[in-house]
Amino acid sequence: MNPDLLDRCAAALTVLARLQLSPADEATMDQVVSLAEQWPLTDVAPQSTEARRARVAGWDLLQGSRDIEETAEQVRQDQDRLYGLTARAVVPPFESVHRNEEGLVFDAVTLEVRSAYLRAGLRAPALNREPDDHLGLELDFLARCCTAALDALERGNEDVADSYLAVAQEFTHDHLLTWAPAVLERARGASRTRWMRGLEELTLATVLTFAEAVGAGQPPRETTGGYAIIAHRPKADVTSVTAPEETE
């Protein structure tokens, strides 16, 4: 991946990670909508038809939210209801809930996600207090992989950059694509505000575009055409992890 695309992916993923983790206030909502004409992944090629459709729909909904003057409190209540910020979630934002039969967090999926973070020398900010596999944290992790790879390229260390990109590709294939598109699709359908529907659409577009950019493949589909969730299959070992090493 070239440096310009790395920078674009990092920027888009960082914005969406923040919005998925915490409800936007009024100032943030205005700031996000102001990015529509300069969104870093708008003209990335190649880009699937579904990614383009979701991106256009996302921006239309986000702008529509501001046009009808949805408030930050309405968005907070909707995101709280969807993601269970203070109550039971309609669509939990954790990978582990969707990929194991028991619907539990802090299970084998969470440990595999934590292991992937450690391979890149990172860890979740609230380790052992909040699950590592929140959608926003997974997006932030991939943004950080892009930034680290870009930094390595700027220092002329292509091997380290390739290591970070390999981690990002594997994580996107083994984790993000196995659940996020389907959950974003469900959350979009369950949202009550245009803002949240727009956020889920734009996040879906970015996940699909990033997956294509790193060569992680396409998300699985149901026979009915919607996105599928792939049940977790435990890996043999999730404890042996090393971060990419810099060389002089």
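Okay, some housekeeping. The model is predicted, so local features need pLDDT of at least 70 and side-chain atom pairs count only at pLDDT 80 or more, while totals for chains, interfaces and linings use all residues. Residues are numbered from 1 along each chain as its sequence is written, and side-chain values use heavy atoms, with hydrogens and water left out.

Let's start with helix α3, residues 49–67. When I say helix, I mean a DSSP run of H or I with at least four residues, numbered from the N terminus. How far should α3 span at 1.5 Å a residue? The expected span is 1.5 Å times one less than the number of residues. For the 19 residues of α3 that gives 27 Å, and the end C-alpha atoms are 27 Å apart, so the two agree.

Now, what's tucked away in α3? Buried means under 20% relative accessible area, exposed means over 50%, and partly exposed is in between, using a 1.4 Å probe and protein chains only. The buried residues of α3 include Trp59, Leu62, Ser65 and Arg66. Their cover includes α2 (26–33) and α9 (194–213).

Take Ser65 in α3. Ser65 counts as buried because its relative accessibility is 0%. Which residues does Ser65 contact, leaving aside neighbours within four places in sequence? Those are Met29, Glu70, Arg194 and Trp195, where contact means heavy atoms within 4.5 Å.

Just after α3 comes Glu69, in the loop between α3 and α4 (72–83). Glu69 isn't a glycine, yet its phi is positive, about 60°. Is Glu69 buried or exposed? At 64% relative accessibility, Glu69 counts as exposed.

On to α4. With 12 residues, α4 reaches 16 Å from first C-alpha to last, close to the 16 Å expected. Among its buried residues are Val75, Asp78, Arg81 and Tyr83. The buried residues of α4 pack against α1, α2, α7 (135–154), α8 and α9. Gly84 follows α4, and its phi is positive too, near 70°.

Next, helix pairs. Two packed helices are described by the angle between their axes and the distance between the axes. Axes here are lines fitted to C-alpha atoms, for helices over the stretch in contact, and angles run from 0 to 180 degrees between N-to-C directions.

The axes of α6 (residues 108–119) and α8 come within 10 Å and cross at roughly 170°. That makes α6 roughly antiparallel to α8, a label for angles over 145 degrees. On the α6 side, the contact includes Val109, Val113 and Tyr117, and on the α8 side Val167, Phe171 and His175.

The axes of α1 (residues 3–21) and α9 also come within 10 Å, crossing at roughly 145°. Among the contacting residues are Leu5, Leu13 and Leu16 of α1, plus Leu199, Leu202 and Phe210 of α9.

Last stop: Thr178, in helix α8 (residues 158–190). Thr178 is buried, with a relative accessible area of 7%. Its side chain makes a polar contact of 3.3 Å with the side chain of Arg99. A polar contact is a pair of N or O atoms within 3.5 Å; within protein, one must be able to donate a hydrogen and the other to accept it, and residues adjacent in sequence count only if both atoms are side-chain atoms. The Thr178 side chain also reaches the backbone oxygen of His175 at 2.6 Å. Not counting residues up to four places away in sequence, Thr178 touches Glu95, Arg99, His173, Ala228, Ile229 and Ile230.

Definitions and conventions. Helix = DSSP H or I, 4+ residues; strand = E, 2+ residues; numbered from the N terminus. Parallel < 35°, antiparallel > 145°, perpendicular 65-115°, else oblique.
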